[in-house]
Amino acid sequence: MAYAALADFEQRYGGDEVVQRESMLGAGALNRALSDADAEINSYVSGRYVVPLSPVPTTITRIACAIARYHVLGDAATETARRAYEDARAFLRDVQAGRAQLDGADQVSAATGAATVDYVTDERLFSRSAR
């Protein structure tokens, strides 16, 4: 399940930008960028939420579009595109740290998301009290 479709990207940034990017980078470039954005989002939220996120929060659709746009623009990225990308990553880091939540998304259960390690050691061989 994709977090944002080409239609979402076009609605946010206009059809002219879609046509321009596709003509420069080739057909399917924006779909690949959106897919890469999904993977980037999943890498941040997978510790707290079941991925792929379903239903997709509108915030995640916006973030996926911002990430894809920044990557597609490459060296031609504007300050606005760069700022939107950095804001998106900051929000994802907040989700990862538990400072922000994704409404409607299924959280990872404690048994699945957290692992514990138990250490077993031998009895102490030397101590100060044995002198």
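This is a predicted model: local features need pLDDT of at least 70, side-chain atom pairs count only at pLDDT 80 or more; totals for chains, interfaces and linings use all residues.
Residues are numbered from 1 along each chain as its sequence is written, and side-chain values use heavy atoms, with hydrogens and water left out.

**Exercise 1. The overall picture**

Task: Find how many helices and strands the protein has, and what share of its residues is buried.

Solution: 
- Step 1. Helices (H or I, at least four residues) and strands (E, at least two) are DSSP runs, numbered from the N terminus.
- Step 2. Under that rule the protein has 6 helices and 0 strands, and its pattern along the sequence reads α-α-α-α-α-α.
- Step 3. Buried means under 20% relative accessible area, exposed means over 50%, and partly exposed lies in between (1.4 Å probe, protein chains only).
- Step 4. Of the 131 residues, 30% count as buried.
- Step 5. Take a contact to be heavy atoms within 4.5 Å. Among contacts in the protein with a separation of 6 or more, 74% come from residues 24 or more positions apart.

**Exercise 2. Two tyrosine rings**

Task: Work out why the rings of tyrosine 70 and tyrosine 85 count as a stacked pair.

Solution: 
- Step 1. Rings of Phe, Tyr and Trp (its six-membered ring) pair if their centres lie within 6.5 Å; planes under 30 degrees apart count as stacked, over 60 as edge-to-face and the rest as tilted.
- Step 2. The structure holds 2 aromatic pairs. In the pair of tyrosine 70 and tyrosine 85, the ring centres are 4.2 Å apart and the planes lie at 5°, so this pair is stacked.
- Step 3. Now place the partners: tyrosine 70 is in helix α4 (residues 58-73) and tyrosine 85 in helix α5 (residues 79-97), 15 residues apart, and the pair links distant parts of the chain.
- Step 4. Tyrosine 70 is partly exposed because its relative accessibility is 24%, whereas tyrosine 85 is buried because its value is 10%.
- Step 5. Look around tyrosine 85: leaving aside neighbours within four places in sequence, tyrosine 85 is in contact with Glu40, Ile67, Tyr70 and His71.

**Exercise 3. How helices pack**

Task: Describe how α3 packs with α4, and how α2 packs with α3 and with α4.

Solution: 
- Step 1. Two packed helices are described by the angle between their axes and the distance between the axes. Axes are lines fitted to C-alpha atoms, for helices over the stretch in contact, and angles run from 0 to 180 degrees between N-to-C directions.
- Step 2. Angles under 35 degrees count as roughly parallel, over 145 as roughly antiparallel, 65 to 115 as roughly perpendicular and the rest as oblique.
- Step 3. Helix α3 (residues 29-45) and α4 pack at about 125°, with axes 8 Å apart. That makes α3 oblique to α4. Residues of α3 including Leu30, Leu34 and Ile41 take part in meeting α4, whose side includes Ile60, Ile63 and Ile67.
- Step 4. The axes of α2 and α3 come within 8 Å and cross at roughly 100°, so α2 and α3 are roughly perpendicular. Val18, Arg21, Glu22 and Leu25 of α2 make this contact with Ala29, Leu30 and Arg32 of α3.
- Step 5. For α2 and α4, the axes come within 11 Å and cross at roughly 45°, so these two helices are oblique to each other. Here Glu17, Arg21 and Leu25 of α2 meet Arg69, Val72 and Leu73 of α4.

**Exercise 4. A buried glutamate**

Task: Decide whether glutamate 17 is buried or exposed, and list what it touches.

Solution: 
- Step 1. Glutamate 17 lies in helix α2.
- Step 2. Its relative accessibility is 13%, so glutamate 17 counts as buried.
- Step 3. Not counting residues up to four places away in sequence, glutamate 17 touches Phe9, Arg69 and Leu73.
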